[in-house]
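Work through the exercises below with the sequence and the coordinates open beside you. Each task is followed by a solution that goes step by step.

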Amino acid sequence: DIKEQKLRYNPLDDSVLELAIDIQRRELLQPIGVSKEENGRYQLRWGGRRLAAHIRLTRKLVWAVIYEAGDETVKATALRENIHRLQLSLEEEVAAVNYLYEEEKRSPNQICDLLNKGRDWVMRRITIPNLPEEVKEALMEEKITLSAAEAIAWCEDEGIRRYVISQTMQSKLPLFQVKALIESLKIGKSQQDAIAAAVEVGVSAPPPTELQMACNQCGQVRPLSKLKPIMLRVCDPGCE
């Protein structure tokens, strides 16, 4: 049975056919994983493509290991296998960890044991959905790093967060510069002082060559010291 097992491929695609040909030539090199159900049947746990290849070969037997799943759900097994065998995006990792945390009510320690991941790795993905929306959006689009997103999220002021995200994206700021930029904005006596301090951080920090970015109005790339940064607050997207 393959119920509850979310397959990440089309059983009719060419890769399954190529795998079937390889199995026909060299036999199956790695068994599929199944668990025994109370009704005496077997539930697929991993190896869906290998099973599909056997079906295309019209073979009635497939080499399998019987997995003692205990109370582990089929989806939990699939998530664990996907995280270790596939190159998942951060968004997919977050979805997997939070499914186990929110839907299956597993503790962080239980998730660590299931996925064979450290507590820091798990906790960071549990907290990502709680990041400010603009920070989470930039992170999921891979415009900023997770470390930078966590640093920016500590800012209570949305205007500062958006400004730091913009500077981080456009100037490719490393983490230490992101943190310095945040601190300079927070301690400024006025908005103008804060922005001036932020520009100074960008100018004086390594690398020794002055950081440059494009003007949002004319598009020309100029040194930061030649640009006049401003924060813009609008009431809605249609505001003039």
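**Exercise 1.** In which crossing, left-handed or right-handed, does α4 pass α5?

Solution. The model is a predicted one, in which local features need pLDDT of at least 70 and side-chain atom pairs count only at pLDDT 80 or more, while totals for chains, interfaces and linings use all residues. Residues are numbered from 1 along each chain as its sequence is written, and side-chain values use heavy atoms, with hydrogens and water left out.

Step 1. Locate helix α4 at residues 90–103 and helix α5 at residues 108–115, where helices are DSSP runs (H or I, at least four residues) and strands are runs of E of at least two, numbered from the N terminus.

Step 2. The axes of α4 and α5 come within 10 Å and cross at roughly 135°, the axes being lines fitted to C-alpha atoms over the stretch in contact, with angles from 0 to 180 degrees between N-to-C directions. α4 and α5 are therefore oblique to each other, since angles under 35 degrees count as roughly parallel, over 145 as roughly antiparallel, 65 to 115 as roughly perpendicular and the rest as oblique.

Step 3. The crossing of α4 past α5 is right-handed, that is, the near helix is turned clockwise from the far one by less than a right angle.

Step 4. Val97, Leu100 and Tyr101 of α4 make the contact with Pro108, Ile111, Leu114 and Leu115 of α5 (heavy atoms within 4.5 Å).

**Exercise 2.** Are leucine 181, cysteine 112 and cysteine 155 buried or exposed?

Solution. Step 1. Leucine 181, in helix α10 (residues 175–187), is buried because its relative accessible area is 4%.

Step 1. Cysteine 112 is buried at 10%, and cysteine 155 is buried at 5%. A search of the whole structure finds zero disulfides (pairs of cysteine sulfur atoms within 2.5 Å).

Notes. Buried < 20%, exposed > 50% of the residue type's maximum accessible area, 1.4 Å probe, protein only.
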